[in-house]
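User: Can you walk me through this model? I'd like to go through it piece by piece.

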Amino acid sequence: MKDSAHLFSGSGITARLRDGRSVTVRAATARDAGDVSAMHVRCSTETVRHRYHSVPPMTGRFLAQLLGTEIALVAVAPNQAVVALANLGRDDGDAGELAVVVEDRWQRAGLGSALLDHLVGMARLVGYREVYTVGLPGNGWYRTTLARHGRTRLERSDGHDTMRLWLRSPPVRLPQRLGATAA
Ligand SMILES: CC(C)(COP(=O)(O)OP(=O)(O)OC[C@H]1O[C@@H](n2cnc3c(N)ncnc32)[C@H](O)[C@@H]1OP(=O)(O)O)[C@@H](O)C(=O)NCCC(=O)NCCS
């Protein structure tokens, strides 16, 4: 959480991955559009499809939306290539959707989990009540990763699984009139 607070501003933090490689994680800016687009080109179709549930063209408008979510983080390799993107977009209200994509060559080294952990930490800091991830069925990664942070609920619908994580307890419902529950 302390580290996550540093990500709201500044030059970012260094994350050392399980395989010994390091990346800098920092807030994304509009200037990252070209590098974020290039990362998507290097990703497999499978990776892109799992993130967006389709293979969207990387138009300027789409990239601006990606980089303009309430919180957007990039992981930058030592050669300055963007190798992962993490987003938290606020719904109306105090809930928001989390999403992460890690370039194939950088997967399975702990980067996706580290980014998701930062998004959850930042969501707590700015007062989100709940965050959720919408994934294709069979994509179990976010379920285990989100469940590490607290109480979760899985909702299955046609073609999608939504995993919700409560960051604050739901309000206790009091009886409308004091004594309303007394017999
Ligand atoms: C899902 C994703 C973000 C994970 O990133 P990552 O950097 O590989 O994640 P981590 O290395 O932190 O993974 C930690 C654990 O999650 C599980 N995991 C990782 N990728 C997985 C996958 N594709 N399927 C099932 N479990 C997976 C594993 O248990 C892994 O630990 P292990 O390597 O010791 O087995 C990455 O695979 C990706 O970008 N996928 C496409 C987009 C996507 O599905 N995003 C999630 C929904 S928004």
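User: How do β6 and β8 pair, parallel or antiparallel?
Analyst: Antiparallel, over six bridges. Two strands count as paired if DSSP finds at least two bridges between them. Valine 131 has leucine 165 in β8 as its bridge partner. This is a predicted model: local features need pLDDT of at least 70, side-chain atom pairs count only at pLDDT 80 or more, and totals for chains, interfaces and linings use all residues. Residues are numbered from 1 along each chain as its sequence is written.

User: And what about β7 and β8?
Analyst: They also pair in the antiparallel sense, over six bridges. Leucine 154 is bridged to methionine 163 in β8. The hairpin of β7 and β8 has two residues between the strands, and glycine 159 there takes a positive phi near 85°.

User: What is the strand order in the sheet?
Analyst: The order is β1-β2-β3-β4-β5-β6-β8-β7, eight strands in an open sheet with mixed pairing. β1 (13-16) and β7 (152-157) are the edge strands, each pairing on one side only. On average, neighbouring strands are turned by 25° against each other, direction ignored. Axes here are lines fitted to C-alpha atoms, for helices over the stretch in contact, and angles run from 0 to 180 degrees between N-to-C directions.

User: How many bridges join β4 to β5?
Analyst: Seven, and the two strands run antiparallel. β4 covers residues 82-90. Leucine 88 stands opposite leucine 98 in β5.

User: Which strands does α2 lie across?
Analyst: Helix α2 (residues 33-42) lies across β3 (71-76) and β4, at about 110° to β4.

User: Back up a bit. How many helices and strands in total?
Analyst: Six helices and eight strands. Both are DSSP runs numbered from the N terminus: helices are H or I with at least four residues, strands are E with at least two. Along the sequence the pattern is α-β-β-α-α-α-β-β-β-α-β-α-β-β.

User: Now the ligand. Which residues come nearest?
Analyst: His50, Arg51, Gln107, Gly112 and Ser113, out of 20 residues around the ligand. A residue is near a molecule or strand if its C-beta atom, placed from the backbone, lies within 6 Å of it.

User: Which element gives the most to that shell?
Analyst: β5, with four residues. Elements supplying at least two residues each are α3 (45-52), β5 (95-102), α5 (111-125), β6 (130-135) and α6 (141-147).

User: How does the shell divide by residue type?
Analyst: Eight nonpolar, 10 polar and two charged. Nonpolar means Ala, Val, Leu, Ile, Met, Phe, Trp, Tyr, Cys and Pro; charged means Asp, Glu, Lys and Arg; the others, Gly among them, are polar.

User: Change of topic. How many residues are in the largest nonpolar core?
Analyst: It has 38 residues. Leu73, Ala84, Leu85, Leu115 and Leu119 have the most contacts inside this core. A nonpolar core is a set of buried Ala, Val, Leu, Ile, Met, Phe, Trp, Tyr and Cys residues joined through C-beta atoms within 7 Å. Buried means 20 or more other C-beta atoms within 10 Å of the residue's own, exposed means 12 or fewer, and partly exposed is in between, with C-beta atoms placed from the backbone.

User: Which element gives the most to it?
Analyst: α5, with eight residues.

User: What does leucine 115 touch?
Analyst: Val25, Leu73, Ala75, Ala84, Ala86 and Val100, leaving out residues up to four places away in sequence. Contact means C-beta atoms, placed from the backbone, within 7 Å.

User: And leucine 125, where is that?
Analyst: In helix α5. Leucine 125 counts as partly exposed because 14 other C-beta atoms lie within 10 Å. Apart from neighbours within four places in sequence, leucine 125 is in contact with Ser4 and Ala5.

User: Which residues other than glycine have a positive phi?
Analyst: Histidine 53 is one of them, at about 65°. Glutamine 80 is another, with phi near 75°.

User: Where do they sit, and are they buried or exposed?
Analyst: Histidine 53 lies in the loop between α3 and α4 (60-67). With 13 other C-beta atoms within 10 Å, histidine 53 is partly exposed. Glutamine 80 is in the loop between β3 and β4. Glutamine 80 has 8 other C-beta atoms within 10 Å, so it is exposed.

Definitions and conventions
Contact = placed C-beta atoms within 7 Å.
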